[in-house]
Amino acid sequence: MKKSKLFSIGIISLLLLALSFQACQGKIGPKPIKYGTDQCAYCKMTVSDQRFGTQLQTKKGRTYNFDDVQCMISFVKESNVKKEEVAAFYLPDYLSNSLLPAEKLFYLKSDELKSPMRGNIAAFKSLEDLEKTKASLGGTILKWEDLWK
Amino acid sequence: MVAGMSHAATIHVGNASAIKEIKKGISVAKNGDTVIVQAGLYKEGNIIVDKQITLMASGQVILDGEKKFEPISVKSPFVTIKGFTIRGSGHSSMNDIAGVKIYNTKHVKIIDNILEDNFFGIYSQNSKHVEIYGNKIQAYGKAEQLIGNGIHGWKSDSLHIENNTIVGHRDGIYLEFVTHTKVLQNLSERNLRYGLHFMFSHDNSYIANTFRANGAGVAVMYTKHVHMEGNIFEENWGDAAYGLLLKDISDSQIINNQFDRNTAAIFMEGTNRVNIENNLFKGNGWGVKIQASCMDNTFNNNNFLQNTFDVATNGTMTLNYFANNYWDKYEGYDLNKDGVGDIPFRPVSLFSMMVERYPSAMLLFRSFMVTLFDRTEKLLPSLTPEGLKDDSPRMKSVKV
């Protein structure tokens, strides 16, 4: 009786422990940015334009929000968070504004975009969408790696 | 221009006149003429003013953009737009559509208009000598939506923005690459992001404006030679809100301003050679937050009253100077009765250093241990920056 009670306590505590680790892991994927409230981790401006607000997640699970991809890149280049420690970079699709992993997106650089910190880079989930916007605003197509040069 | 003035005509537009449309009125006008529009509601899409004329409203003239068009586009020099109610401009994520937009020109006056529910209010693009007086600009933006700025200047020079009221836009006044500009006596209130925001806009002055309860206060960035005098920064509350956020500002003056009830009255980062004098810091969470990246800023003759923290910093080295300020937390004495305290005042408390590192430590504020720490630190400074002190603190507040 006593043994089994101890055993069950052991099991429950193990389960709880496992659960708490689970909680640390958190959800995978971008966390919603609170536009008009959250502050850019780099330039301190309020993130208010959904077309340009970006997010970085570290391997430890911490998230940083930025009002412009330019700020996110400078933030990492100046080693506030090292690139090796970054789990994911998220950028918004220019048309739907949903946050998506940076590597899968297509990029347009055009001064006509007038992004908050004048990085003037927009991300698109499809090349077609990009071409349409490019037709009206002009600019050059970039890859994610090009943004780091 | 002068030749045109000598036989200037006045053209009347309205239901009672021969000319019923504003566009028609403009098309028959010559340089120097005045077009007077009679009261009424006009839905004419995009009205382009491409002649040197004065366009005036007589009575309440409403120009409705029907949420599709830009009500007025000014594309000629020497244009005056006066007394209209301009509402419902188009909305776009591609172009910046405004109630009144001024394109690549000079000597334009926008006076006493009411702008309501437009994407951008008044927009000066690549223009010089634009006067924006006495307009009332209101929008009903929400944080989740895309909304433009009340008065927006881009690559412009010599703007004169005076006596306007701006409510509910993204930024009340936003200037980018704008030089030699005066911003006087405006009221910018309850805008979603900043009351005033400028970047890369050198040699401008901001005098006697009121910035109240905006989403994040006022932000000034990447600019030299800013003159800010007699402004009121109040009620800018919030985690990321500042009375005044200075980022990469140099060689500037901040004089005679009033900072009342803000989360942080002034937040400084990368700011050099700024003279902060005769200001009142009252009832703020933080009076001044100085990041380690700031150098050679001087704080003279300011009053610090009823702030939770007067000064906070994240660095140990301090290259900023405090002198002759009045601090209501000063507990020193003045034996020689010269009005100046005999021992220096250190405005950075130990606890504020702790909060800077561990924001959640704020929970312990006003607890017995914290008070004890602060007392001990005052006697034997160890963690607070040694150099950050006012050697001549005033015994009485400065008269401002």
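Q: What makes strand E24 (residues 226-229) of chain B and E26(B) a pair?
A: The model is a predicted one. In it, 3 bridges in the parallel sense link E24(B) and E26(B). Pairing requires at least two bridges, so with 3 bridges these strands count as paired. Within E26(B), Ile254(B) is the residue that stands opposite Met228(B).

Q: How do you know that strand E23 (residues 217-224) of chain B pairs with E26(B)?
A: The bridges are counted again. E23(B) and E26(B) share 7 bridges and pair in the parallel sense. Gly217(B) has Tyr242(B) of E26(B) as its bridge partner.

Q: Which bridge counts link E26(B) to E28(B) and to E29(B)?
A: Strand E28 (residues 264-269) of chain B pairs with E26(B) over 5 bridges, in the parallel sense. Here Tyr242(B) stands opposite Ala264(B) of E28(B). Strand E29 (residues 272-277) of chain B is also joined to E26(B) by 5 bridges, and the two run parallel. Gln253(B) has Asn275(B) in E29(B) as its bridge partner.

Q: What holds paired strands together in general?
A: Strands of a sheet pair through backbone hydrogen bonds, and the pairing is either parallel or antiparallel.

Q: What does Val100(B) touch, leaving out residues up to four places away in sequence?
A: Val100(B) touches Ile72(B), Val74(B), Ile81(B), Ile86(B), Ile110(B) and Ile122(B). To be in contact, two residues need C-beta atoms within 7 Å, so each of these residues meets that limit with Val100(B).

Q: How many helices and strands does chain B have, and what share of chain B is buried?
A: Chain B has 4 helices and 36 strands. Of its 400 residues, 45% are buried. A buried residue has 20 or more other C-beta atoms within 10 Å of its own, so 45% of chain B reaches that count. The C-alpha atoms of chain B fill a box of roughly 85 × 45 × 30 Å along the principal axes.

Q: How many helices and strands are in chain A, and what is their pattern along the sequence?
A: Chain A has 3 helices and 7 strands. The pattern is α-β-β-α-β-β-β-β-α-β. Buried residues make up 36% of the 149 residues of chain A.

Q: What makes E6(A) and strand E7 (140-142) of chain A edge strands?
A: An open sheet of 3 strands in chain A has the order E6-E5-E7, with antiparallel pairing. E6(A) and E7(A) are its edge strands, as each pairs on one side only. On average, neighbouring strands of this sheet are turned by 30° against each other, direction ignored.

Q: How do you know that strand E5 (residues 106-109) of chain A pairs with E7(A)?
A: E5(A) and E7(A) run antiparallel and are joined by 3 bridges. At least two are required, so 3 bridges make them a pair. Leu108(A) stands opposite Ile141(A) in E7(A). Helix H3 (residues 127-137) of chain A packs on the sheet and touches E5, E6 and E7 of chain A, and its direction makes about 10° with that of E5(A).

Q: Which residues of helix H2 (residues 69-77) of chain A are called buried, and why?
A: They are Val69(A), Gln70(A), Cys71(A), Met72(A) and Ile73(A). Each is called buried because 20 or more other C-beta atoms lie within 10 Å of its own. The buried residues of H2(A) pack against strands E1 (54-58), E2 (63-66), E3 (86-92) and E6 (121-124) of chain A. Just after H2(A), Ser79(A) has a positive phi of about 60°.

Q: How many residues does each chain give to the contact between chains A and B?
A: Chain A gives 11 residues and chain B gives 14 residues. The side of chain A that touches chain B has 4 nonpolar, 5 polar and 2 charged residues.

Conventions
Residues are numbered from 1 along each chain as its sequence is written. Chains are lettered from A and ligands numbered from 1 in the order in which they are written. This is a predicted model: local features need pLDDT of at least 70, side-chain atom pairs count only at pLDDT 80 or more; totals for chains, interfaces and linings use all residues. A residue is buried if 20 or more other C-beta atoms lie within 10 Å of its own, exposed if 12 or fewer, and partly exposed in between; C-beta atoms are placed from the backbone. Ala, Val, Leu, Ile, Met, Phe, Trp, Tyr, Cys and Pro count as nonpolar, Asp, Glu, Lys and Arg as charged, and the others, Gly among them, as polar. Axes are lines fitted to C-alpha atoms, for helices over the stretch in contact, and angles run from 0 to 180 degrees between N-to-C directions.
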